[in-house]
Amino acid sequence: KWFIDCRNRTIKETAAAMNIKYTTFSAQLNNNTVTAETLMKLAAYLDIDLNWMLVVLGYHGPVSAVEREMIPRM
């Protein structure tokens with residue numbers, strides 16, 4: 001949700017752009033069960049590098065607050 005918000009988009013708008021039902025997409029976000037296909041669509045739609053996303057989400061160790069706010073484009 002944070003990535004969507006950072007791109008000044010709404011969840012409803014994002015779901016529509018990715019051809020996913022709003023209720024399905026919202027449930028995936030709320031339950032933390034985003035599929036790999038949805039993640040790829042999100043990366044393309046929001047223009048976000050998935051490797052950077054892994055770093056920001058802490059999969060490669062701790063990240064500073066400043067690093068989290070710097071969202072590069074692909």
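This is a predicted model: local features need pLDDT of at least 70, side-chain atom pairs count only at pLDDT 80 or more; totals for chains, interfaces and linings use all residues.
**View 1. The largest nonpolar core has 13 residues.** Look here for Phe3, Ile4, Phe25, Leu42, Leu46, Ile48 and Trp52, the members that touch the most other members. Helix H1 (2-6), helix H3 (22-30), helix H4 (36-46) and H5 each give two or more residues to this core. H5 gives the most, with 3 residues.

**View 2. Leu54, Leu57 and Tyr59 make a nonpolar patch on the surface.** Put together, the three have about 330 Å² of accessible area. Leucine 57 sits in the loop between helix H5 (50-56) and helix H6 (65-69). Is leucine 57 buried, partly exposed or exposed? With a relative accessibility of 49%, leucine 57 counts as partly exposed, because that class runs between 20% and 50%.

**View 3. Asparagine 8 has a positive phi without being a glycine.** Its phi comes out at about 55°. You'll find asparagine 8 in the loop that runs between H1 and helix H2 (11-17). Asparagine 8 has 69% relative accessibility, so it counts as exposed; the cut-off for that label is over 50%.

**View 4. Asparagine 32 also isn't a glycine, and its phi is positive.** Here the angle is about 60°. The loop in this view is the one between H3 and H4, and asparagine 32 lies in it. Is asparagine 32 buried or exposed? Its relative accessible area is 71%, so asparagine 32 is exposed.

Conventions. Residues are numbered from 1 along each chain as its sequence is written. Side-chain values use heavy atoms; hydrogens and water are left out. Patches are made of residues with over 30% relative accessible area and no salt bridge: like charges are joined within 9 Å, nonpolar side chains (Val, Leu, Ile, Met, Phe, Trp, Tyr) within 5 Å. Accessible areas come from the Shrake-Rupley method with a 1.4 Å probe; for residues, only the protein chains shown count as cover. A salt bridge is a side-chain nitrogen of Lys or Arg within 4 Å of a carboxyl oxygen of Asp or Glu. Helices (H or I, at least four residues) and strands (E, at least two) are DSSP runs, numbered from the N terminus. Buried means under 20% relative accessible area, exposed over 50%, partly exposed in between (1.4 Å probe, protein chains only). A nonpolar core is a set of buried Ala, Val, Leu, Ile, Met, Phe, Trp, Tyr and Cys residues joined through side-chain atoms within 4.5 Å.
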